[in-house]
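Hello,

Please find the structure below, followed by notes on what was found in it.

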Amino acid sequence: MRGSGRRATHAGGESPIRLYHVSKSYLAGSFALHDVSLEIRKGEFVFLTGPSGAGKTTLLKLLFAAERPSEGQILVRGRNVGRLRESAVPALRRRIGVVFQDFKLLPRRTVEENVRVALDVTGTPPREARAKVFQMLKQVGLQHRRFHHPLSLSGGEQQRVALARALVNEPEILLADEPTGNLDPELTLEIMDLVVGASTRGTTVIVATHDMGLVERYGKRTIRLEGGRMGEDLQ
Amino acid sequence: MVAVLVRTALRGLQSSAVTSVAAAGTIAIALVLVGAFALIAGNMQGLLQRFGEELQVVAYLESDIDAAAAQQMVERVATVEGVQEVEWVSPERALERLRESLGGGGLLEGLEENPLPASLEITLAPSHRTPEGIAILVEAVDGLPGVDELAHGQDWVEGYSRVLVLVRSAAVGLGGVLALAALLIVANTIRLAVYAREDELAILSLVGASRTFVRVPFLLEGTLQGAVGGLVALGLLYAAFIMLVPEVQYGLELFLGSQQPRFFAVGEAAWLVAAGAGLGMCGSGAAMLGWRA
C-alpha cells in the first residue's frame with residue numbers, strides 16, 4: 001500500500017523534480033549551489049542557463065545522485081535523493097536519461113551495443129532489447145549505422161547515439177548537460193529537435209546550456225543560475 | 001542476465017588483452033613459486049616418511065636363545081603399545097645380510113664361527129615414531145629375559161621428529177606468505193585493469209547498473225585469468241621438472257636415495273589451477289574494494 005501511495009503522490013503531484021533550499025559545497029565556505037528551490041512539472045521542458053561555473057552541472061549531478069546535497073532536500077519522482085541508499089541509486093538512474101557534451105560512449109562497442117547497455121542493466125530479455133534498440137535508433141535516424149563504432153561517426157551522430165541510450169528505457173526524466181556544446185549549428189538543431197520530441201511524448205526534460213540563441217529559439221521555461229544562486233525563472 | 005554478465009566479462013578480457021595477460025602472468029609466476037615450494041616440501045615429506053618406515057629398534061638377543069624362545073619373544077614384543085611389526089633375525093640371516101652388504105664373502109671367509117647375535121627388529125607404527133613412542137618400547141623390552149642389548153637410535157628419532165615438524169611448519173608458513181604476496185600483486189595488477197576501464201564502469205553506473213552488474217564481470221575475468229595463470233604455472237613447473245630432474249639426478253640420489261622424485265598427482269595439479277582461479281577472483285574482489293563510480 002505504501003508503494004501505491006508513493007505513486008499516487010508522484011502522479012498527483014505532477015512534479016517529478018522538486019528542490020527545497022538546496023546547497024552544495026565542495027570546499028568549506030564556498031558554494032557551487034546556494035539555497036536553490038524550484039519545481040519542475042511532469043513533461044515540462046526547462047532550459048538551465050548561466051555562465052560557466054554557475055552551478056548548472058552541479059544541479060544536474062544532484063538530480064541523478066552523482067552528488068549529494070550539503071543542505072536542503074531534493075525530491076526526484078517523490079524520492080529524497082539526498083537520503084537515498086547507495087543500493088537504491090541504480091533504480092533511480094534507470095528512470096533518468098542523461099546526456100553529456102562529450103557523449104560518454106563506449107568506443108570499443110558498436111552503436112547498437114552502446115544503446116543496448118541501458119537495457120542490459122535492467123535485465124531486458126535479448127530479443128526485446130534488440131527490437132527496442134532498433135526502434136530507438138530508427139527514431140534518431142541511425143539504424144543503418146548500428147554496427148559501426150562511435151569513433152567512426154560524426155559528432156552529431158555520436159550525440160544521437162548518446163540520446164538514444166538515454167531514451168531507450170523510456171525514462172521519466174531526461175537531463176542534458178550542454179548536449180550541443182560540441183556541435184555546429186545545424187547539428188545542434190537536429191539534436192534539440194530530438195530532445196524536444198522526447199518532451200512532447202511526456203518526458204520531463206532539463207537542458208543545461210549557455211547558448212542563449214538556443215534558449216530564445218525554442219522559447220521554453222528558462223531558469224538562470226548565477227554564482228550558484230537562483231536567478232530569473234522565466235516561464 | 002547471466003549471459004550478459006559472461007559476455008561482458010569475455011569482452012572485458014578481449015578489450016584489455018595486455019592487462020589480462022599481465023594479470024594471468026603475475027598469477028602464473030606467483031603460483032610457480034608456491035608450486036615449486038610445494039613440490040620440494042612434498043618430496044621432502046615423502047623422504048622423511050620413508051626414513052620413518054625404516055626406523056627400527058633392534059633388540060640383540062643372548063646367544064643361548066633358540067628359535068622357539070625367540071618366537072615367544074616376538075609374540076610378546078608385538079603386544080607392546082605402538083609396535084607395528086616384529087621380525088626375528090637369526091644369526092645366520094644376519095651374517096648373510098652382512099655378506100650381501102659387503103658385496104661378497106671375501107672379507108668373511110676367515111671366520112671360524114658366526115660372531116653375530118640373533119636379533120628382533122621392531123618397527124613402530126607411524127603414530128609412535130616419536131621419542132615418547134621409543135621410550136615406551138625401550139621400557140617394555142629392556143630387561144626382558146634373553147635381551148642382551150637394545151639399539152634404538154633415540155637421538156636419530158628426535159632429529160627426525162624435529163625435521164618433520166620444521167618441514168611441515170615451513171610448508172605452511174612460507175606457502176602462506178607466498179600466497180599472500182601473490183594475492184597482493186594480483187590485486188594491484190587487476191586494479192590497474194579497473195583504472196584502465198574506469199570510463200566504461202562510470203558509464204555503466206550512469207545508466208543504472210547495479211554494483212553486482214559492474215563487479216561480477218570483473219570477478220569472472222579475474223577467475224578466468226587466475227585459472228589460465230594456474231595452468232601456465234602447472235605447465236612451467238612440469239617442464240622444469242622434466243628438464244631439471246635428469247640434470248641433478250646424482251645429487252637427488254644422494255638426497256632421496258632410491259626414492260624417485262615425484263610431480264603433482266592429478267588432484268594436486270587441479271588444486272594448483274583452482275588456487276589460481278581463487279587467487280584471481282580474490283584479487284579482483286580486492287581490486288574492486290572501494291571502487292565507486
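One salt bridge first: A:Arg109 pairs with B:Glu200, their closest N and O atoms lying 3.1 Å apart. A salt bridge here is a side-chain nitrogen of Lys or Arg within 4 Å of a carboxyl oxygen of Asp or Glu. By that rule there are two salt bridges across the interface of chain A and chain B.

Some conventions before the rest. This is a predicted model, in which local features need pLDDT of at least 70 and side-chain atom pairs count only at pLDDT 80 or more, while totals for chains, interfaces and linings use all residues. Residues are numbered from 1 along each chain as its sequence is written, chains are lettered from A and ligands numbered from 1 in the order in which they are written, and side-chain values use heavy atoms, with hydrogens and water left out.

The interface

In contact terms (heavy atoms within 4.5 Å), 21 residues of chain A meet 17 residues of chain B. The two chains bury about 1,700 Å² between them, 60% of it on carbon and sulfur atoms; buried area is the accessible area (1.4 Å probe) that two parts lose on being put together, summed over both. A:Arg93, A:Arg109 and A:Val121 supply 30% of the area that chain A buries against chain B, more than any other three residues.

Three residue pairs, both members at pLDDT 80 or more, are in polar contact between chain A and chain B. A polar contact is a pair of N or O atoms within 3.5 Å; within protein, one must be able to donate a hydrogen and the other to accept it, and residues adjacent in sequence count only if both atoms are side-chain atoms. On the side of chain A that touches chain B, the elements giving two or more residues are helix H3 (89-93), strand E6 (96-100) and helix H4 (111-120). H4(A) gives the most, with five residues. Helices (H or I, at least four residues) and strands (E, at least two) are DSSP runs, numbered from the N terminus. By class, this side of chain A has nine nonpolar residues (Ala, Val, Leu, Ile, Met, Phe, Trp, Tyr, Cys and Pro), ten charged (Asp, Glu, Lys and Arg) and two polar (the others, Gly among them).

Chain A as a whole

Chain A has eight helices and ten strands. Its radius of gyration, taken over C-alpha atoms, is 18 Å, close to the 18 Å from the globule rule (2.2 Å times the number of residues to the power 0.38) for 235 residues, so chain A is as compact as a globular protein of that length. The C-alpha trace spans about 50 × 45 × 35 Å along its principal axes. Of the 235 residues, 51% count as buried, where buried means under 20% relative accessible area, exposed over 50% and partly exposed in between (1.4 Å probe, protein chains only).

Individual residues

A:Gln158 is in helix H6 (residues 155-167) of chain A and is buried, at 13% relative accessible area. A polar atom of its side chain lies 3.3 Å from the backbone oxygen of A:Leu153.

A:Arg160 also lies in helix H6 of chain A and is buried, with a relative accessible area of 13%. Its side chain reaches the backbone oxygen of A:Val140 at 2.7 Å.

In chain B, B:Ser90 sits in the loop between strand E2 (83-89) and helix H4 (91-102) and is buried, at 12%.

Regards
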